[in-house]
Every structure is written in C-alpha cells, then in structure tokens.
Amino acid sequence: MRRRIVLAALAGLAFASPAFARCEDWVPQPKPQNAGRDIVGQDLDQIIERGYIEFAAYEDFSPWSYEEAGKPAGVDIEIGRLIAADLGVEPRFRLVAAGENLDADLRNNVWKGPVIGGRVSNVMLHVPYDSAYTCRVEQVVFTGQYAAEQIAIAYREEAYPEDPPVPAYFRIDTVAVENDSITDFYLTSFAGGQLAQGVRRYPTYADAMAALGAGETMAAMGPLAQLEAGAGEGIAIHQPPLAGFAVSRWTIGVGVHMRYRALGYAVDDAIRAGLEDGRIAAIFERYGLSHLPPER
C-alpha cells in the first residue's frame, strides 16, 4: 500500500515534459503557517549533546522495517544504526503507518507532525528520491541516498524451465501482485488490459510470494527486495525490460527537515562512508538481498 502511493506520485512526475530545467517550471507555494509549534528542534549539536537520534521508519514493511520480538528490525533499521554509530549517538526508532501519499508522510514525520498526537523525527528513512519531486516539498532536504529499488519478476523454475517470463506471458499465465500496487496498475492497464485476466491479487507482497511458493501462481511481480525476501527453493528472480513502465527503478534515501542542514550533511557523510567501505552492502547481504547502488 505505502509503496503504491509513493511510486504512483513519482510515476506522474515521470510523464511530465522534460523541456524544463530542474525546478524551472515550479512556482513556489505559500509557506505553511504554524509549522514549528512542536518541531523536533534538535540540530546536530543538540542531538550529540543529548546522546540519541530518532528515526521514523515504516511499520510492517519487511524486509525494510518491521517489528521482530518486540524490537525494530530490517534493512532500514540497520541503516539508521549505521548513521547513529557514525554520529556517536544512540539510535531510536518510531515505526509509523504510511499516510495517503508521500507528501503526507513527510509532513507528519519530518516537518510538521500529525494533526492529532505524534511528533516529527530527526530523520525519516526509506524516502524515494526524484529530482522533480524535491522541488515540490521545500520543507524537506532529500539526502543520503543509500540504495535503489527495481521492479522484478519472480517465477517458479519448474513453470519456466527455458526462458524466464516477461509481462506478455501473463496474458495466459498467472502472476501474483500486491493489491492496488504499482505492479497491479501496470499489468492491468498494459496492452489495453489484455494481461488483467492473469493477475492474482494478495494483501501484501509477502502474501504474493507465499502464494507463488505454494504453487498458486506461476510468477509474482513487484519490488526486487520484497520478492527476494519471500523467495524460497525453486524460485528464481530476474529483472527484464518493462515496456511502458514509467518508474521501474528508483533511488531511496532519507528526509531531514530543511532547517537542519548540518544534520543532513552529517547523515549524508555517514551513508557515503557506509557505501564506500561496504558496510551498507553487507547489511543487504545479511538479509539475503541484492544491494542496488543508488544513482547519485
């Protein structure tokens, strides 16, 4: 659910005219009022002085961020711990529900806070980066890109002993997707809806992969990491070209309130160091995932 909203927003930007330079066609909007009433307020010096940094991460978003045995776990959580270690402070995490779109997530968790209850955090993890989108949200600094994600297809090897499937196969073959996800939208609208009959919808990508493993479908389609997290014996994954897919690969990083540029620089430095010395790649390896380097 959370990813379909984010990626749908970015897909809309991908169809925009490329005639303008970055941000050239964006008209600055009126500045939000009363946005600083309960701002987290801690700049980098204050974070170091108090000894901890707080991260917002999505809940129930395996393998990226989720609760395990009452504690936060996942790739994004490990990225947060890496950042905190480089800053010399304790990491703390808030697992938050996804809002109706990315704008709402950033508003609720980075620069303003929710209307009722809750608060903003110092850093929000797993924020998709799009150059044009950053022009629209002036209250947030989009930095610290640490990975890329890409749409892929998982399939049962026994069902495709010779050639891996491509979307055209799903005119006849069955494919599992997360309900109302970007892959659901793509497959049901591609080629005038000719693939819709092969689509089987499940509540989450984890459920889709479980269905694939149980033989309920011949393939599954979705973000690579979520397919890899649910792949078992006899399941292979490939990343074919996807005709007409507006955003089949995207970069993920973090969001920081625009007031705290020093914090943003420090977080970016920590992530850059983790990329260069292999610590971030090692996190992905521990979770059995492929690390796709960000397009910096």
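1. Buried here means under 20% relative accessible area, exposed over 50%, and partly exposed in between, with a 1.4 Å probe and protein chains only. By this rule His126 is buried, because its relative accessible area is 2%. His126 belongs to strand β5 (residues 123-129); helices (H or I, at least four residues) and strands (E, at least two) are DSSP runs, numbered from the N terminus.

2. Basis of the note. The model is a predicted one, in which local features need pLDDT of at least 70 and side-chain atom pairs count only at pLDDT 80 or more, while totals for chains, interfaces and linings use all residues. Residues are numbered from 1 along each chain as its sequence is written, and side-chain values use heavy atoms, with hydrogens and water left out.

3. Overall composition. The chain has 296 residues, of which 49% count as buried. Its secondary structure comes to 10 helices and 11 strands. Contact means heavy atoms within 4.5 Å. Among contacts between residues at least 6 apart in sequence, 75% join residues at least 24 apart.

4. Nonpolar cores. In soluble globular proteins, nonpolar side chains tend to be buried together. A nonpolar core is taken as a set of buried Ala, Val, Leu, Ile, Met, Phe, Trp, Tyr and Cys residues joined through side-chain atoms within 4.5 Å. The largest such core has 66 residues, and those with the most contacts inside it are Ile53, Leu106, Tyr146, Leu187, Met221 and Leu263. A second, separate core has 14 residues, including Ala148, Ala152, Ala208 and Ala211. As for Leu263, its contacts beyond four places in sequence are Leu44, Ile47, Ile53, Leu87, Asn122, Val123 and Val256.

5. Which residues of α6 are buried? They are Ile182, Thr183, Asp184, Tyr186 and Leu187. The loop between α6 (182-189) and β8 (199-202) holds Leu195, which is buried, with a relative accessible area of 0%. Setting aside neighbours within four places in sequence, Leu195 touches Pro167, Ala168, Phe170, Arg171, Leu187 and Phe190.

6. Phe245. This residue lies in the loop between β10 (235-238) and β11 (249-257) and is buried, at a relative accessible area of 10%. Beyond four places in sequence, Phe245 is in contact with Ile151, Ile182, Tyr186 and Met221. Phe245 and Tyr186 are 59 residues apart in sequence, yet 7.0 Å apart from C-alpha to C-alpha.

7. Aromatic rings. Rings of Phe, Tyr and Trp (its six-membered ring) pair if their centres lie within 6.5 Å; planes under 30 degrees apart count as stacked, over 60 as edge-to-face and the rest as tilted. Eight aromatic pairs are found in a search of the whole structure. The ring centres of Tyr186 and Phe190 are 5.3 Å apart and the planes stand at 40°, so this pair is tilted. Tyr186 counts as buried at 7% relative accessibility, whereas Phe190, at 26%, counts as partly exposed. Tyr155, Tyr160 and Tyr169 are linked into a cluster by ring pairs.

8. Charges over Tyr52. A charge sits over a ring if NZ of Lys or CZ of Arg is within 6 Å of the ring centre and within 35 degrees of the ring normal. The charged end of Arg50 sits over the ring of Tyr52, 4.0 Å from its centre. Arg92 also places its charged end over the Tyr52 ring, 3.7 Å from the centre.

9. Backbone points for checking. Most residues other than glycine have a negative phi, and most peptide bonds are trans. His126, although not a glycine, has a positive phi of about 60°. Ala191 likewise has a positive phi, near 55°; this residue is in the loop between α6 and β8 and counts as partly exposed at 33% relative accessibility. A cis peptide bond joins Ser62 and Pro63, with omega about 5°. Pro63 is placed in the loop between β1 (52-58) and β2 (66-68).
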